[in-house]
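Let's take a friendly walk through this structure, one place at a time. Have the sequence and the 3D view open as you read.

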Amino acid sequence: MSSKPATPAPGAEISSDSYIPAHGNGGYRVRHYDLDLDYRIGPNRLTGTAVLTCVATQALSRLSLDLGEFRVSRVLVDGKPAKFARRGLKLQVRPAKSVPVDAEFRVEVRYVGNPTPVSSRWGDIGWDELTDGALVASQPVGAPSWFPCNDQPSDKAAYRVAVTTSSPYLVAVTGDLVSRYNAASTTKWVYERKEPTAAYLMSVQIGRYDDVELVAGPDAGWFTHSQVRAFVGFGRNKTPVPVVPQRAAVPPRLRRQFARDFGRQDRMMEALQRIFGPYPFGEYVVVVTDDDLDDPIEAQGMAIFGANHVDGRRTHERLVVHELAHQWFGNSLTVADWRHIWLNEGFATYAEWLWSEESGGEPARSLARAWHTRLKTKPADVRISDPGVSRMFDERVYKRGGLTLHALRAETGDPAFFALVKAWVAENRHGTVTTEAFVTLAESYAGRSLAAFFTTWLDTPALPPLP
Ligand SMILES: [Zn+2]
């Protein structure tokens, strides 16, 4: 069921992902996306030019991209018009001249249409209209709803994204804002994302938001005395951690509640950096939409919450730390294949428990015990290391993933466990990861085989006793 498909043939319209092979394409990888987008909010009209700088991994007489229901007016490959056709969510391209293996080549796509989310077994995902604006939340298959891409988590690329839209709206794109031009009634916002990023983690947020600064960066003036601050609190380790600029885009009506609910995010950032190592991006942006959302969602250097996640009483604080933890687990360390999803959600869940302890709430071990008791009442029919595509986002993957880490901590002892976690993050920074690689590294930190341990916790549906 989980055996890895063979490498797709040149031009193949499938990826090597064992869960979602229909997204992603064979024969090339993308190095850089340059997206120039014009968006009309009222009519929900997107006009785009995308330039993808790619490298052929095989000789290519044709290739395909993932793209939603847009009208494509032109495709160029290395500046020359190419034949193209739209079929479902694929844009098939036949270059005038074949691309040799290992060659770098550029694909330019001009497209226009009303962006609509990609419908999937997880609901409608991707570019979505808000009551007054738009959001993008693409995990796992929503990226083609707004740009042509190689939509598989293992193909990470750099981005430049320019969005032109009506001036009263704030536009947040994952990345650094490098320029902003005002015309008569529109503003062009240009963002750059230098770190390798999976297509599903790219996001655009448009709304009538207040721009709130939570923590000023080192360049902001009042931090010039020092770019680092000693960590204060939890544990004896006072290793200084970098100050990470943190901003938020918040509807004016929710600013007061937001200030309380996210008031400890700065402490979370310090705590997680101390546990996991340096924050992997230059900034962290939180967006709270004026509409309700089912669940908060992570993007690169960004997290998106619904108005319903903000109440001024810190009801959802565990979600604040959960989304922040995804910056390390999911975003910097991206799963090479969706079947390794527990590496994202298990760590994000365990970060919730560690933060609870750090902030004076319930200790991690009693949260682990409580969840273990709760999971015992649920059907034991999920293999955490390979839950199947329909159960990728099953709560049991999250909680048992957290329990697996807690059990590993008991198995190896705190010093080896926390050294392992830091090494895992450092060695795979901005890369892609697999369960097999995690097991190998864990064994090197334990100094012995952990085969029996991981078979019990990850590969066997029955819930083992908590050590
Ligand atoms: Zn999560």
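**A walk from crossing helices to a zinc site**

Helix H7 passes helix H8 in a right-handed crossing. Please keep in mind that you are looking at a predicted model. Two packed helices are described by how far apart their axes are and by the angle between those axes. Here the axes of H7 (residues 414-427) and H8 (residues 435-446) come within 9 Å, and they cross at roughly 135 degrees. That angle is why H7 counts as oblique to H8.

Which residues make the contact between H7 and H8? From H7 come Ala-416, Ala-419, Leu-420, Ala-423, Trp-424 and Glu-427, while H8 brings Ala-437, Phe-438, Leu-441, Ala-442 and Tyr-445. Sorted by class, the contact of H7 with H8 has ten nonpolar residues, one charged residue and no polar ones.

Now turn to the other partner of H7. The axes of helix H6 (residues 395-412) and H7 come within 6 Å and cross at roughly 130 degrees, which means that H6 is oblique to H7. On the H6 side you will find Leu-405, Leu-408, Arg-409 and Thr-412, and they meet Asp-414, Ala-416, Phe-417, Phe-418 and Leu-420 of H7. This contact of H6 with H7 divides into six nonpolar, one polar and two charged residues.

Next, let's visit the zinc ion. What coordinates the zinc ion? The donors are His-322 and His-326, each through NE2, and Glu-345 through OE, at 2.1 Å. Along the chain, these donors follow the spacing H-x3-H-x18-E. His-326 sits in the loop between helix H3 (317-325) and strand S24 (334-335), whereas Glu-345 belongs to helix H4 (residues 342-358), so this pair ties together parts that are 19 residues apart in sequence. Both His-326 and Glu-345 are buried.

Our last stop is Phe-262, in the loop between helix H1 (255-261) and helix H2 (265-276). Is Phe-262 buried or exposed? Its relative accessibility is 4%, so Phe-262 counts as buried, the cut-off for that being under 20%. Setting aside neighbours within four places in sequence, Phe-262 is in contact with Val-286, Phe-305, Val-310 and Val-320.

Note on methods: Residues are numbered from 1 along each chain as its sequence is written. This is a predicted model: local features need pLDDT of at least 70, side-chain atom pairs count only at pLDDT 80 or more; totals for chains, interfaces and linings use all residues. Side-chain values use heavy atoms; hydrogens and water are left out. Axes are lines fitted to C-alpha atoms, for helices over the stretch in contact, and angles run from 0 to 180 degrees between N-to-C directions. Helices (H or I, at least four residues) and strands (E, at least two) are DSSP runs, numbered from the N terminus. Angles under 35 degrees count as roughly parallel, over 145 as roughly antiparallel, 65 to 115 as roughly perpendicular and the rest as oblique. A crossing is left-handed if the near helix is turned anticlockwise from the far one by less than a right angle, and right-handed if clockwise. Contact means heavy atoms within 4.5 Å. Ala, Val, Leu, Ile, Met, Phe, Trp, Tyr, Cys and Pro count as nonpolar, Asp, Glu, Lys and Arg as charged, and the others, Gly among them, as polar. Buried means under 20% relative accessible area, exposed over 50%, partly exposed in between (1.4 Å probe, protein chains only). Donors are N, O and S atoms within 2.8 Å of the metal (3.2 Å for Na, K and Ca); water is not among the atoms, so sites may look incomplete.
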